[in-house]
Amino acid sequence: MDYKKITETPSNYDQLEKMGTSTILESINNEDQKVALAVAEVIPNITKLVDALAERFDKGGRLFYIGAGTSGRLGILDASEIPPTFGMPHSRVIGLIAGGDTAIRKAVENAEDDVNQAWLDLKEFNVCENDVIVGIAASGTTPYVIGGLQAAKEHGLLTGGITNNPGSPLAVVSDIPIEVNVGPEFVTGSTRMKSGTSQKLVLNMITTALMIKIGRVKGNKMVNMQLTNTKLVDRGTRYLVEGLGIDYDEAEQLLKKHGSVKKALDAVRP
């Protein structure tokens, strides 16, 4: 395909090994400041994806991320944070990585080059027409991701793609491409840096907006968060103190009785 692989273009900086520590850090920070602005440019397509997801979630659909390396790990990270933050089952947002769980911590050689494996991985979850598959690949050329999206489309599933190379094969195969042009990396080709940061921002936006739209947030509070430690019980108690105008001890008892901020609020203010 005829497109410029921006993620492989030379860094705006050279002779990095001769820089002082503060110069290295300031330069990285200068580059990082460009990331949020690049993400802002693609909000229209993020909006399309979130709205399509919300429609399908109401019908029992799920969100699947597929990726390799850093991109795959970021998808798994985002998916893993949905149950504790929003009280959703682990089965509703799922991250898959080329090479399986081993690849979360250690690189699995050549796993990303298998064009058929992502669809095989997805089939393990009995994917259906209400599910949405989002591929993540900074390069936009990862066979594992592209093959998964192609197969998903052939089976009638909606697909999205997050990439840092506009016009890449991943963007072309995605129903809703999210092409975040962050420019060259500080270390040439090191997409764990700006590209990875942009992907994390986009993933945060997708799932946070989705959870708000399907009613997992009230006001500005995580009222469905899982109360899995002392910090979260304290946070939930303070939410009730603020929302109901009661004292801390009463709020804590109410929270422990009902098991979630939302259930406690609903019990007092049906």
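**Close-up views of a predicted model**

**Figure 1. Ile178 and its surroundings in the core.** Beyond residues up to four places away in sequence, Ile178 touches Val42, Asn45, Ile46, Leu49, Gly161, Ile162, Thr163, Val202 and Ile206, a contact being a pair of heavy atoms within 4.5 Å. The structure is a predicted model, in which local features need pLDDT of at least 70 and side-chain atom pairs count only at pLDDT 80 or more, whereas totals for chains, interfaces and linings use all residues. Residues are numbered from 1 along each chain as its sequence is written, and side-chain values use heavy atoms, with hydrogens and water left out. The largest nonpolar core has 33 residues, and Tyr65, Ile178 and Ile206 touch the most other members. Such a core is a set of buried Ala, Val, Leu, Ile, Met, Phe, Trp, Tyr and Cys residues joined through side-chain atoms within 4.5 Å. Here buried means under 20% relative accessible area, exposed means over 50%, and partly exposed lies in between (1.4 Å probe, protein chains only). With 7 residues, helix H3 (residues 43-57) gives the most to this core. Another core, of 22 residues, lies apart from the largest one and includes Ala118, Ala151, Leu157 and Val173. In soluble globular proteins, nonpolar side chains tend to be buried together.

Figure 2. Helices (H or I, at least four residues) and strands (E, at least two) are DSSP runs numbered from the N terminus, and two strands pair if DSSP finds at least two bridges between them. Strand E4 (residues 158-163) is joined to E5 by 4 bridges, and the two run parallel; Glu179 in E5 is the bridge partner of Thr163. Axes are lines fitted to C-alpha atoms, for helices over the stretch in contact, and angles run from 0 to 180 degrees between N-to-C directions.

Figure 3. E1 and E2 run parallel and are joined by 5 bridges. Ile94 counts as buried because its relative accessibility is 10%. E2 itself is mostly covered, with 4 of its 5 residues buried. Neighbours within four places in sequence aside, Ile94 is in contact with Leu63, Phe64, Tyr65, Ala79 and Phe125. Ile76 is 18 residues from Ile94 in sequence and 7.0 Å from Ile94 in space, C-alpha to C-alpha.

**Figure 4. Ser71 in helix H4.** Ser71 belongs to helix H4. This residue counts as buried because its relative accessibility is 6%. Apart from neighbours within four places in sequence, the contacts of Ser71 are Ile136, Ala137, Ala138 and Gln199.

**Figure 5. The crossing of helices H11 and H12.** The axes of helix H11 (residues 230-244) and helix H12 (residues 248-258) come within 8 Å and cross at roughly 115°. The crossing is right-handed; a crossing is left-handed if the near helix is turned anticlockwise from the far one by less than a right angle, and right-handed if clockwise. From H11, Val233, Asp234, Gly236, Thr237, Arg238, Leu240, Val241 and Leu244 make the contact, and from H12, Tyr248, Ala251, Glu252, Leu254, Leu255 and Lys256. By class, the contact has 8 nonpolar, 2 polar and 4 charged residues. Ala, Val, Leu, Ile, Met, Phe, Trp, Tyr, Cys and Pro count as nonpolar, Asp, Glu, Lys and Arg as charged, and the others, Gly among them, as polar.

**Figure 6. Gln15 and Asn110, two residues with positive phi.** Although not a glycine, Gln15 has a positive phi of about 50°. Gln15 is found in the segment before helix H1 (21-32) and is partly exposed, with a relative accessible area of 44%. Asn110, likewise not a glycine, has a positive phi of about 65°. Asn110 is found in the loop between helix H6 (102-105) and helix H7 (117-123), and counts as exposed at 58% relative accessibility.
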